Amino acid sequence: GTARIAVTGLATMGSNLARNLARHGYKVAVHNRSFARTKALIEQYGHEGDFVPAETTAELVASLQRPRQVIIMVKAGGPTDAVIDELADAMEPGDMIIDGGNAHFADTRRREAALKERGLHFVGAGISGGEEGALNGPSIMPGGSPESYKHLGPVLEDIAAKVDGEPCCVHVGPDGAGHFVKMVHNGIEYADMQLIAESYDLLRRAGGLEPAAIADVFRTWNSGDLESYLVEITAEVLGHVDAETGKPFVDIITDQAEQKGTGRWTVQEALELGIPVTGIAEAVFARSLSARVDQRSALQSTSDASVQVPDTLVDDVRSALYASKVVAYAQGFDQMRAASEQYDWDIDLGAMATIWRGGCIIRAVFLNRIREAYEKAPDLPSLLVDDYFRSAVENAVDAWRRVVTTAVQAGVPVPGFSSALAYYDALRSERLPAALIQGLRDFFGAHTYRRVDKDGSFHTLWSGDRNEIDA
Ligand code: 6PG
């Protein structure tokens, strides 16, 4: 065969990725379960580059140069396994299967191990940027063997987004590292969106601003430290007017957020690793809560709390949004660091910030700062410890407290802002009430405690003479 690479699964993401490859001059073999879709792609976009339509998996594999590289763009789970099985049967040792979907990293680890036994490379690659990104340059997070990246890296770096000439693609680490990082990217995406949503809600319900005015606020925020794709499109969505009713578009959308699972996975994995990702967890739960229509309609009430809204509300919310965002990212990076240690992935956190600067949903100028922080100190214990972020958050903290106070008084839920503030306050506290929790555990279950003034474990004989013994 003569095709350089193949894409199977030609829904929008797959088609756009194939077109991106073709536009970059790669001869691309394309395949889809139903051939009609393949034909449609060739008819509509065949002129964009060198496509090789394949009707069957065997044909697809035969059309490729060696070592063969096939990117799978199908639904995560069962459908992905089915395609992998078919491909693997038709391939030869040294060939590569790349899963570009949002697979769970544990599935990716399992698949990588199984295919390695057969001499095949399996690469779980996170791809972010939606349909537009797939076509014009996504952020790509490939895992898998370093050997596979030698062949695949140049192609992926070529079609990825570029920021200051640098590609938004790097080898993340072996086996499931790429999909893990993509999962955390999505978790951060959830947190970021939740914080933006809380900002909007406060400006509207406590600040009395209309969506169009809030759109303008977000437009002005889209520069400096907050400049980002999500802030930019927030202005677009809030400024949009429903053609049918003439109402603000945001008012005609059902207020129940959906989710496909990557945010939930992030939190589940964080629980396993013991890493507090409270911003992501609150964002996932806020979506779940919004969907509990039964409870919401039973409790709904219009009684409004009266509140003194500070004149500085808009600027304060900006500060709260920024500081909370720093916390959410700090937590996400913390989780990647913990997983990297746990699974021996050796993830370069600065490189993750670098490849998220463009192409992906959370792309933002701010990621340059994160990159700088990890370049200065690769072992940084938390982003909040970095000089730049530390002083940025310190400067925002008064406004942040005013915002949370105002929200609480006004009855506007801000789980993202308030949990981020609680996380920050907890990390800064000299003493935490965890000491009391240890005391209670020792009281009811003889679970023992350690002392601040000497080594060892101790237990107090609570039901006896209350003397302390070595445990
Ligand atoms: C991306 C997006 C993409 C997808 C989200 C949506 O990086 O391009 O994150 O992967 O649109 O997973 O997730 P929910 O449907 O769960 O909101």
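## Start of the chain: S15

A polar atom in the side chain of S15 lies 2.8 Å from the backbone oxygen of L10, a polar contact in the sense of a pair of N or O atoms within 3.5 Å; within protein, one must be able to donate a hydrogen and the other to accept it, and residues adjacent in sequence count only if both atoms are side-chain atoms. The model is predicted, with local features needing pLDDT of at least 70 and side-chain atom pairs counting only at pLDDT 80 or more, while totals for chains, interfaces and linings use all residues. Residues are numbered from 1 along each chain as its sequence is written, and side-chain values use heavy atoms, with hydrogens and water left out.

S15 belongs to helix α1, residues 12-23; helices (H or I, at least four residues) and strands (E, at least two) are DSSP runs numbered from the N terminus. S15 has a relative accessible area of 12% and is therefore buried (buried means under 20%, exposed over 50%, partly exposed in between, with a 1.4 Å probe and protein chains only). Apart from residues up to four places away in sequence, S15 touches G9, L10 and L41, where contact means heavy atoms within 4.5 Å.

S199 is buried because its relative accessibility is 0%, and L202 is buried because its relative accessibility is 0%.

Not counting residues up to four places away in sequence, S199 touches F218, W221, V317, L321 and F417. With neighbours within four places left aside, the contacts of L202 include V317, F417, L313, V403 and A407. L202 and G416 are 214 residues apart in sequence, and their C-alpha atoms are 12 Å apart in space.

## F389 in helix α18

F389 is part of helix α18, residues 387-410. Its relative accessible area is 0%, so F389 is buried. Beyond its neighbours within four places in sequence, F389 is in contact with Y322, V326, F366, R369, I370, A373 and L383.

## Around the ligand

There are 14 residues around the ligand, and S128, E189, Y190, K260 and R287 come nearest; a residue is near a molecule or strand if one of its heavy atoms lies within 4 Å of it.

For G130, a backbone N or O atom is 3.1 Å from a ligand oxygen. A side-chain N or O atom of K182 lies 2.9 Å from an oxygen atom of the ligand, and a polar side-chain atom of N186 is 2.9 Å from a ligand oxygen.

## Loops and backbone angles

P67 sits in the loop between α3 (57-62) and β4 (69-72). The peptide bond from R66 to P67 is cis, with omega near -10 degrees.

D344 lies in the loop between α15 (313-343) and α16 (349-355). Its phi is near 60 degrees, a positive value in a residue other than glycine. D344 has a relative accessible area of 66% and is therefore exposed. A446, in the loop between α20 (434-445) and β10 (458-460), has a positive phi near 50 degrees and is likewise a residue other than glycine. A446 counts as partly exposed because its relative accessibility is 41%.
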